[in-house]
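Here's a quick briefing for anyone opening this structure for the first time. Have a look at the model, then read on.

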Amino acid sequence: MAIPAALPDPAVAQARAALTDRTPVVMLIGRAGTGKSHFIRDLVTSDPGFPQALLAPTGLAAMNIGGQTVHSFFGFPPRPLIGNHEKPNWFFTRTARAIRRLIVDEISMLRADVLDAMDQHLKVARKSSRPFGGVQMLLVGDFYQLPPVVRGDEGALLEEAGYASPYAFAAHCLRDAPLAAIELTEVHRQTNRDFIALLSAIRERRGVDEAVTILNTVCLERSLPKRPVLLCATNAVADRYNAQGLAALEGVTARYTGGFEGEAPKAQGDRFPAPMELVLKRGARVIFTQNDPEGRWVNGSLGTVKKLDDEVIVVTLDAGDDVDVERATWPQARWTWNAKENKMEVKEEFKYVQFPLAPAWALTIHKAQGMTLDSVEIDLGRGAFAPGQAYVALSRARSMETLRLTRPISARDVQVDPAITEGLARLGG
């Protein structure tokens, strides 16, 4: 469902006013499907000459929005940044002195120590004691979705450094910074008010027993009008479902290997929007992982492979049309200041090249974040293991009629970190 050009949510006007008034920190939060990504796109495209940069905490999140990772932009080392006092490099300093706004998407995944390091780096680079050196910060996301990654003893280190929690809102730099916390409330992904209310109960863990009972009564092992994509908690489970689905098909296997234009990244990991090794057969279920410039499909559209060639894959969309799918590109951007032309410039470090498809018998909940799915099945296995996981999975569905559960959801699966409610209350969000 396309987000309307004019969003009725009064919070949109409030956020725009806060940005126009040069409020030092604007935190724009909102549940799944409230138009956060639309707000960012509109902000970037409406004034291309404004000196701002678009960042995200992870490579995958950055690539999906045409942004750059926070660590890459600031030149941070890949380690905890607690008490970080490294001097900014010259390359960063030149850009920092010219920039006026930083937009950070998926703020729920950015750790508090990283936000403090950003504040310190900007202050040093711009020789200013103002919050973030006088650069306006727009922090966008939903803290009730995926949390920051805290490995090993990093949690203890954060606690010793005086952080109440690892979330960005616990950063020391926000204690005294003038901040406007604004919440988008108009949901565009779903239209049924009862389903929206149920998702809200899951998101904030209010009335969760009743919400879980309704879901288990209505959605457990039901039949769906369209073949669903199965959302699960781990890569291992998703890979197993996809391997089983592929093995059940007859015919020749086709293998498509992703590649790079420009300098390939040193660390790859699980950061690309389409699999590095895409293995398909005729009849394979696939999901599109990028919006089509011609509007034939969107990120999250489902279909079935009809024909496989070296340069074109023909897919029959669940909506009914056959489409010719060619290789797509995802640029990894670097936002820098062009002193000669006196403007911000988006340069490409490299492009990832691959067909914008992934096997769609199953997806991890993490990879489905940001997608809207027409037909969803959820298998939490032994249960959700991270805060927000159940909510992210359930909120991918357009409606309760397009949602199926493979096993009952329990109240234990609905995990919400109490630090979120407390932290947002302190900020006035």
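Which residues of α8 and α9 meet? L198, A201 and I202 in α8 touch V208, A211, V212, I214 and L215 in α9, where contact means heavy atoms within 4.5 Å. Bear in mind that this is a predicted model, in which local features need pLDDT of at least 70 and side-chain atom pairs count only at pLDDT 80 or more, while totals for chains, interfaces and linings use all residues. Residues are numbered from 1 along each chain as its sequence is written, and side-chain values use heavy atoms, with hydrogens and water left out.

**Confidence**

- The mean pLDDT of the protein chain is 86, and 93% of its residues reach 70 or more; pLDDT is the predictor's confidence in each residue, from 0 to 100.
- Over residues 1-7, pLDDT stays under 50, and the model has 13 contacts beyond four places in sequence for them.
- Where pLDDT is low, the predicted coordinates should not be read in detail.

**Helix pairs**

- A note on names: helices (H or I, at least four residues) and strands (E, at least two) are DSSP runs, numbered from the N terminus.
- Helix α8 (residues 193-204) packs against helix α9 (residues 208-219) at an angle of about 130°, with the axes 9 Å apart. Axes are lines fitted to C-alpha atoms, for helices over the stretch in contact, and angles run from 0 to 180 degrees between N-to-C directions.
- α8 and α9 are therefore oblique to each other (angles under 35 degrees count as roughly parallel, over 145 as roughly antiparallel, 65 to 115 as roughly perpendicular and the rest as oblique).
- The residues in the contact of α8 with α9 split into eight nonpolar, no polar and no charged. Here Ala, Val, Leu, Ile, Met, Phe, Trp, Tyr, Cys and Pro count as nonpolar, Asp, Glu, Lys and Arg as charged, and the others, Gly among them, as polar.
- Helix α1 (residues 10-20) and helix α2 (residues 36-46) have axes that come within 12 Å and cross at roughly 40°. On the α1 side the contact is made by V12, A15, R16 and L19, and on the α2 side by F39, D42 and L43. That gives five nonpolar, no polar and two charged residues.
- The axes of helix α5 (residues 90-98) and helix α6 (residues 112-126) come within 9 Å and cross at roughly 85°, so α5 and α6 are roughly perpendicular to each other.
- F92, T93, A96, R97 and A98 in α5 meet H121, L122, A125 and R126 in α6. By class, this contact has five nonpolar, two polar and two charged residues.

**The parallel sheet**

- Four strands make an open sheet with parallel pairing, in the order β18-β7-β19-β20; two strands pair if DSSP finds at least two bridges between them.
- β18 (362-364) and β20 (403-405) sit at the edges with a single partner strand each, so one side of each is left without a neighbour in the sheet.
- Strand β7 (residues 229-232) pairs with strand β19 (residues 376-379) over four bridges, and L231 has I378 in β19 as its bridge partner.
- Helix α10 (residues 235-247) lies across β7, β18 and β19, running at about 165° to β18.

**The antiparallel sheet**

- Five strands form an open sheet with antiparallel pairing, in the order β14-β13-β12-β11-β17.
- At its edges stand β14 (322-325) and β17 (357-359), each with a single partner strand.
- Strand β13 (residues 313-317) pairs with β14 over four bridges, and T316 has D322 in β14 as its bridge partner.
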